[in-house]
Amino acid sequence: MSLYRNIISFFKGIHEYTRNGFETASAHFVDSDLDVSVVGRSFMITGANSGIGKAAAIAIAKRGGTVHMVCRNWERAEQAREDICRETGNKEVYVHLLDMSEAQKVWEFAELFKKRYRSLNVLINNAGCMVTSREVSTEGFEKNFATNTLGVYILTKGLFPLLERSSNPRVITVSAGDMLLQKLRTTDLQSEKGPYDAPMVYAQNKRQQVVMTQEWGKDHAGVHFASAHPGWADTAAVAATTPRFHRLMQGRLRTAEQGADTLVWLAVSNSAGATPSGLFFQDRQAVPAHLPLAWTHSPAEEELAFMGLLDELAASSRPPAAGRFRLSGQSVAQSSV
Ligand SMILES: NC(=O)c1ccc[n+]([C@@H]2O[C@H](COP(=O)([O-])OP(=O)(O)OC[C@H]3O[C@@H](n4cnc5c(N)ncnc54)[C@H](OP(=O)(O)O)[C@@H]3O)[C@@H](O)[C@H]2O)c1
């Protein structure tokens with residue numbers, strides 16, 4: 001088990017994030033919260049072809065929502081789309097091809113999506129990765145930061161105008177409990193200094209997502225923002241990036257459906273919409289974004305400075321003029337709409 005997960009287990013109790021933890025927490029869930037129809041509402045889910053994202057897509061499609069799956073691999077996404085349609089009987093499920101680590105493509109995708117669709121009610125920033133050695137994208141961004149932080153920032157910012165003119169809009173970002181041991185770092189965003197520690201970089205990105213959500217919640221009153229920890233769920237990412245942890249936790253990890261439960265609750269329930277915007281959730285409850293020892297708090301100015309840095313990086317990769325976007329290429333044009 002990684003050092004991070006050992007320390008978090010110490011503070012939170014190994015029980016809370018596991019399947020048992022979900023079962024204990026779910027005894028207090030209000031069943032009728034998810035007893036809703038979302039026919040006529042549209043949901044964009046990044047990384048919806050596997051794990052927690054696919055489970056969320058199934059839960060939303062079952063309730064009648066239109067699902068836009070944003071995925072980087074056409075075959076995997078198309079296979080998942082077929083599974084989702086077959087399992088739910090809902091045909092309003094569309095695939096859009098996008099690699100979240102390619103900043104300019106993320107801008108272009110958001111621009112094209114806004115042109116093509118009249119509304120987007122919910123964005124679920126679920127795609128995430130922990131690339132285990134330092135890799136740099138063609139645009140010069142470290143891959144984990146590019147995918148988990150900058151891509152999320154650009155997609156959300158690019159879609160704001162569409163979300164803001166849609167009814168009851170929500171943005172949910174899938175963070176991780178690992179972020180509890182990270183203080184926001186505004187220097188070395190590209191992890192260029194010192195040895196590359198992938199779990200630490202991942203956890204820092206997840207802290208950054210929580211800070212972005214909190215700051216957006218303050219600035220955009222018309223949209224409901226939330227970040228969430230799904231618990232420890234048995235998914236491809238966990239098996240591939242933390243194999244020892246995965247082996248040790250056999251039988252105790254949550255299912256992908258249990259991991260997706262809070263996202264689905266945040267996306268569809270009236271109860272979630274009634275909570276203050278910008279908070280961090282676990283098992284359908286707003287929970288503190290810091291452990292009791294609280295060395296991870298940052299001054300408000302630093303959090304604002306971080307948003308400013310993201311804005312600069314995002315602007316540096318923004319294509320010059322919306323009118324120049326090509327309608328071909330890896331974007332909505334390749335969707336199955
Ligand atoms: N499972 C857990 O215990 C756990 C705990 C805390 C947080 N999380 C978070 O939950 C989210 C979902 O992860 P998961 O556990 O469900 O793992 P998963 O099954 O591996 O799903 C991750 C998804 O993200 C996609 N993705 C990764 N990099 C991408 C990129 N550059 N562009 C587009 N899509 C990309 C993957 O696509 P491919 O299939 O093409 O790789 C996949 O669809 C992640 O944000 C993860 O950090 C999971």
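The legends below describe close-up views of a predicted model.

**View 1**
Eight strands make up an open sheet of mixed pairing, arranged as β3-β2-β1-β4-β5-β6-β7-β8. β3 and β8 are the edge strands, each pairing on one side only. Helix α7 packs on this sheet and touches β5, β6 (224-229) and β7. The direction of α7 makes about 160° with that of β6. Strands of a sheet pair through backbone hydrogen bonds, in parallel or antiparallel fashion.

**View 1. Strand β2 beside β1.**
Strand β1 (residues 42-46) and strand β2 (residues 66-71) run parallel and are joined by five bridges. Thr46 has Val70 as its bridge partner in β2. β2 is mostly covered, with six of its six residues buried. Thr66, His68 and Val70 point one way from the strand, while Val67, Met69 and Cys71 point the other way. Residues on both sides of β2 are buried. In a regular strand the side chains alternate between the two faces of the sheet.

**View 2. Strand β5 beside β4.**
Four bridges connect strand β4 (residues 122-125) with β5, and the two run parallel. The bridge partner of Leu123 in β5 is Val171. β5 is mostly covered, and five of its five residues are buried.

Is Val93 buried or exposed? Val93 counts as buried because it has 24 C-beta neighbours inside 10 Å, and 20 or more are required for that class. Leaving aside residues up to four places away in sequence, Val93 touches Ala61, Val67, Met69, Arg81, Ile84 and Cys85. Arg81 lies 12 residues from Val93 along the chain, and their C-alpha atoms are separated by 6.6 Å.

**View 3. The shell around the ligand.**
There are 30 residues around the ligand, and those that come nearest are Gly47, Gly51, Gly128, Thr235 and Ala237. Helices α3 (51-62) and α8 (236-241) each supply at least two residues of this shell. By residue class, the shell divides into 13 nonpolar, 14 polar and three charged residues.

**View 4. The buried face of helix α2.**
Helix α2 (residues 19-26) has Arg19, Gly21 and Phe22 as its buried residues. Seen down the axis of α2, these residues fall within an arc of 160°, so they line one face of the helix. An α-helix has 3.6 residues a turn, so residues three or four places apart point the same way. The cover over the buried residues of α2 includes α10 (256-268).

**View 5. Asn20 of helix α2.**
Asn20 also lies in helix α2. Asn20 counts as partly exposed, because it has 13 C-beta neighbours inside 10 Å. Asn20 and Arg247 are 227 residues apart in sequence, and their C-alpha atoms are 17 Å apart in space.

**View 6. Two loop residues with positive phi.**
Asp188 is in the loop between β5 (170-174) and α7 (198-219). The phi of Asp188 is near 50°, a positive value in a residue other than glycine. Because Asp188 has 12 C-beta neighbours inside 10 Å, it counts as exposed. Arg284 is in the loop between β7 (279-282) and β8 (285-286). The phi of Arg284 is near 60°, again a positive value in a residue other than glycine. Arg284 has 22 C-beta neighbours inside 10 Å and therefore counts as buried.

Definitions and conventions:
Residues numbered from 1 in each chain as written. Predicted model: local features only at pLDDT ≥ 70, side-chain atom pairs only at ≥ 80, totals over all residues. Near = placed C-beta within 6 Å. Nonpolar A, V, L, I, M, F, W, Y, C, P; charged D, E, K, R; others polar. Contact = placed C-beta atoms within 7 Å. Arc of directions from axis to C-beta. Pairing = 2+ DSSP bridges. Axes fitted to C-alpha atoms, helices over the stretch in contact; angles between N-to-C directions.
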